[in-house]
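Please look over the sequence and the structure shown below before reading on. The report that follows goes through selected features, beginning with the aromatic residues.

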Amino acid sequence: MLHELLLALVGYTGDLIIDEREHQKSLGIHLHPDAAISGHRCFKLAPDISFIDPSERDLIERLIALGFYYRELDRFATKSRNLSWIRSGGVSLSPLDGASELSSHETESPSVYRRAIGNGLVEELSVYRSAVLQIEQKLLSETMPVLATVTQGLNKFFVILPPLYELVLEIERHDLRGGKLLNLLHKRFHCGVPELQACIQRLLWHGHQVLYNQLASWMVYGVLQDQHGEFFIRRQEDRDVEYGSFIPDTSDKLARLSADDKSSRDWHFGFHIFLDMLPEYIPMRTAESILFAGKSIRILRNPTPGFKFQDALYNQQKGKCSQKVHGSAGCDPFPKEPINGNMIGEEFLPQSEADKIETMLQELKESLEFHKRSFECSVESIRTVAASHLWQLVVVRADLNGHLKALKDYFLLAKGDFFQCFLEESRQLMRLPPRPSTAEAEITVPFQLAAIKTISEGDRYFSRVSLRMPSFGIPVKSSQVDLSNASSETPLDGWDGIALEYFVDWPLQLFFTQEVLSKYRIIFQYLLRLKRTQMELEKSWASVMHQDHTDFAKHRKERKNCSTSQPRRQRLIPLWHVREHMAFLIRNLQFYIQVDVIESQWKVLQSHIQNSQDFTELVGLHQEYLSALISQSFLDIGSVSRILGSIMVLCLQFCWNIENQDSSEKTSELERITEEFNKKSNSLYTILRSSRLSGSQRAPFLRRFLLRMNFNSFFEATARGVLNVVRPRPSVPVSNQQTSI
């Protein structure tokens, strides 16, 4: 019986020691499928054995249970390490063949993580087999108590094999793989049994070898090596297939990107973190750093052909100029010799840097234990290396600051002469409602004329700017706009839909995303409306004054009494007060946005760009810059932006009506506009000085704006009164005026 026992300990049953499930099958007894994974030990002594004492029977059955665990673990390891799927392209059955009712009709995809765990189990089982072999040699060479010797030799495995079997059962039940499998091992590692802890630590080490290989492929070469979907970094298409279709918003963004610019598409939408496969002991912040590092390496290793050529020419030109002027290579940070386009990718990420990244991952891989702190520090170091080289590519090679300056010039109206000329050239056109079929072509003509008059040939960024008419505003009733040539179907403020587009090529799409450019467009439309309103207020004053001087000269020439024009002048005086109030508000708002907001935030951004060497940090700083522009311009406060929009519409209506202020109908319309403007302007002042805004980031510059508006307490005095009455300017003592200023 000794040999029967020893064979059972390594998974082979016979006549004396039987597999209970196989015995029941042979008798025609049907087992419930759940019995396959019930954890019930199937190795038993044959029931017809009568020469063994009950105490010995219990001890033998306790020993042969180890053989059952060994067999099931060996079957799992064999199945997990089976590579036949490579040849056949198919899948095989569950590894627990001895308990196969549950999974005999199921298939599963291969798993490199299970294969790694299978390799670890083979190591542990080889130790167990060696122990059984030593027991056999000892029993054959010496006369010793059989059961006592076997029990003493295998005692330590009673705390190892059963938990490993439970581990395998859970893997099979829940089909665990990838990060989920590592999670289970990490949880089971924290136990109070040193032997079991050492065993699971070894299994976890094997699993981490696969993880480190995937990390090395992703973070050193930018290649996603995950044919079985077990890595926590996945392609976007994988998730789209998994959930059935593209997310609509993502699909729209992909459509806006050029079809051939694969690197930009991959950067923004190509990869994501798959949370189901992210091990719980890896923080989300670290996973995001891994995602960023891999995407950065892909960009650095695969520049677009067009950029390779441009960058090579740029470096050659810099090299020639530097050699002529300086006479030494040390004065220029870029290489001076001619550059081969094939070397550009390696230049963006030097091989020494790639070797440094690989060395850090190799050190983690060789460590016998997983140290969370070391792992996070290494990942952060790799992210820093990638971000630094990406910063060099985007900021230095692609001239990021030049493009930022161009966006400021055109989207933030820093080129005031250009937009002043554009608005003057298009003034008559904008007095008519836009025609959907020809509006964009018509408005492009004054845009190009303004460029010819004001933009020098040395401005290489203007060619990237184009004017668009994507929308035509909100329809307004004909009674709200009184122009003889206006159509009641299309609103005059349809020209507020004028937008700028800015062409960015690789690798600037990494920085200037569609979301970023849309924010610039929103600010541009707001500023252009403001400048257009300010110009119309000035033009209306000049136009009416010219008409007044003409009338005066005509009366004088005809030798008539000039007093005949005095009644008309008297009627216009209240309107000039209103126009001055409008111009005062618009001028101060424009000065506040252009000087206090845009210029101050621009200086802050420039300071950050000079001090930053990290691409991720730079993206965040630029987002803060845009957020500050939008916030401090009140575009994120619906109530304020609506009031400002209404005020600008009222100002335009006032200008267009006052130039034809002859009929009584026009007079009533001007009175309505005046009344509405007073309401809106006082409401604006009341909101801006509220406590909700005084404690926000707008506070420092907002106080300056309010001080300019209310330098003589006019707004404060009128805001406290009845808002729908045109109030005369209150008399304020000189001393108070000086104090307020």
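## An aromatic cluster

In this predicted model, ring pairs join Tyr410, Phe411, Phe418, Phe419, Phe422, Phe447, Phe462, Tyr502, Tyr520 and Phe524 into a cluster. The count of aromatic pairs comes to 27, and one of them, formed by phenylalanine 422 and phenylalanine 447, is edge-to-face, with 5.6 Å centre to centre and 85° between the planes. Because phenylalanine 422 lies in helix α19 (residues 416–425) and phenylalanine 447 in helix α21 (residues 439–454), this pair ties together parts that are 25 residues apart in sequence.

If neighbours within four places in sequence are left aside, phenylalanine 422 is in contact with Met430, Ile443, Pro446, Phe447, Ala450, Leu467 and Leu528.

Phe422 is also among the residues with the most contacts inside the largest nonpolar core, together with Leu154, Leu215, Phe232 and Phe512. That core has 192 residues, and helix α23 (residues 566–611) supplies the largest share of them, 15 residues. In soluble globular proteins, nonpolar side chains tend to be buried together.

## Strands β5 and β6

Leu467, one of the contacts of phenylalanine 422, belongs with Val465 to the covered face of strand β5 (residues 465–468), whereas Ser466 and Arg468 make up the uncovered face. Strand β5 pairs with strand β6 (residues 499–502) in the antiparallel sense, over 4 bridges. Within this pairing, arginine 468 has alanine 499 of β6 as its bridge partner.

## Helix α1

In helix α1 (residues 2–9), the buried residues include Leu2, Leu5, Leu6, Ala8 and Leu9. These residues are on the same side of α1, because they cover an arc of only 160° around the axis. Glycine 11, which follows α1, has a positive phi, near 95°.

## Arginines over aromatic rings

Two arginines place their charged ends over aromatic rings: that of arginine 62 sits over the ring of phenylalanine 158, at 3.9 Å from its centre, and that of arginine 202 sits over the ring of tryptophan 205, at 4.3 Å from its centre.

Technical notes
Residues numbered from 1 in each chain as written. Predicted model: local features only at pLDDT ≥ 70, side-chain atom pairs only at ≥ 80, totals over all residues. Heavy atoms only, no water. Buried < 20%, exposed > 50% of the residue type's maximum accessible area, 1.4 Å probe, protein only. Helix = DSSP H or I, 4+ residues; strand = E, 2+ residues; numbered from the N terminus. Pairing = 2+ DSSP bridges. Arc of directions from axis to C-beta. Phe/Tyr/Trp six-rings, centres within 6.5 Å; stacked < 30°, edge-to-face > 60°. Lys NZ or Arg CZ within 6 Å of the ring centre and 35° of its normal. Core = buried A, V, L, I, M, F, W, Y, C linked by side-chain atoms within 4.5 Å. Contact = heavy atoms within 4.5 Å.
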